[in-house]
Amino acid sequence: MALQIATDRRANLIGSLWMVAAMAGFAIEDALLKASHSSLPIGLIMIYFGLGGTVVFAALALIRNEPLFTRDVVSRPMCIRAVFEVFGRLFYVLAITLTPLSSATVILQATPIVVVAGAALVFGEQVGWRRWAAILIGLAGVVVIIQPGAESFSALSILAVLGMLGFAGRDLASRAAPATLGTAVLGFYGFLSIILAGVIYSMWEGAPLQLPDAVTTLILGGAVLAGVLAYSCLMKAMRTGEVSAVTPFRYTRLLFGIGLGMFVFAEQLNAATLLGCGLIVLSGLFILWRGQQKAS
């Protein structure tokens, strides 16, 4: 028994470290995409970033002998997932390029809260009044951050909210996706959706096609590398240790996102952002804890 407990603790520690590494990678990806906006239109950023990720995940799928084109790829859940992926990626990239990285990162952390609410409404999962109360508190944290009606309110802050809702819809659709599709295949079509989002926005933006310069190419290449490594670390984290022990470390993305926003882009946090951040994190952790209590 003692050996089993020690093994579980070690697995939880390793899984938590993988999760922290994944969140650091995603934060770096966001920062690099934001930095590339200084020399490249937003639509083209998404197109080139999507192309890079598509190539990498296609190669991974081929190495793992996972077929990229099967009947399951065009199943209804996958089509719905693609729509939400395009929606979420489009508005989140707009958010991190046009608004402070720190506030966009904080708002994104409400995704698991919305997923729990969506699972109850769409899949009929049982969510008691305590978790519903926590969901409302978490959403109130988002409202506190964007401050609608205040003099400091910016309509651009809605971009992060729309991106967060898109990602929540994507995660819900992923639950219904065929189990035959591996992570590399899901990553491949996820990045294809980013290309589509970039094409749509480029058509609306009317920006001429241009190739990135050497520096921007390195920045976008770094974003692709960071994103792929982060995705791989996330998969390792979820397969190492207990989900209840590893998942809370998703919120370390806040530390990395806020830190990069402050030290790289000279952003400043106000009291509303800090308060909203606290409400989102506390409600998310409570929902996770309560879900584990129900399952045990």
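Visitor: Which residues have the most contacts inside the largest nonpolar core?

Guide: In this predicted model, they are Met46 and Ile107, and the core itself has 72 residues. Helix α2 gives the largest share of this core, 10 residues. There's also a second, separate core of nine residues, with Met19, Met23, Phe26 and Val246 among them.

Visitor: Okay, let's follow Ile107. What is Ile107 in contact with, leaving aside its neighbours within four places in sequence?

Guide: Look for Val142, Ile145, Ile146, Ser157, Ala160, Val161 and Met164. Ile107 is one of the buried residues of α4, and so are Leu101 and Leu108.

Visitor: Why is helix α4 described as largely enclosed by the rest of the structure?

Guide: Because eight of its eight residues are buried.

Visitor: Now for α2. How do I read the way it packs with α3?

Guide: Two packed helices are described by the angle between their axes and the distance between the axes. Here α2 (residues 42–63) and α3 (residues 76–98) pack at about 120°, with axes 10 Å apart. The angle makes α2 oblique to α3, and the crossing is right-handed.

Visitor: Which residues of α2 meet α3?

Guide: Ile42, Met46 and Phe49 do, and on the α3 side you'll find Arg89, Leu90, Val93, Leu94, Thr97 and Leu98.

Note on methods:
Residues numbered from 1 in each chain as written. Predicted model: local features only at pLDDT ≥ 70, side-chain atom pairs only at ≥ 80, totals over all residues. Heavy atoms only, no water. Helix = DSSP H or I, 4+ residues; strand = E, 2+ residues; numbered from the N terminus. Buried < 20%, exposed > 50% of the residue type's maximum accessible area, 1.4 Å probe, protein only. Core = buried A, V, L, I, M, F, W, Y, C linked by side-chain atoms within 4.5 Å. Contact = heavy atoms within 4.5 Å. Axes fitted to C-alpha atoms, helices over the stretch in contact; angles between N-to-C directions. Parallel < 35°, antiparallel > 145°, perpendicular 65-115°, else oblique. Left-handed = near helix turned anticlockwise from the far one by under 90°.
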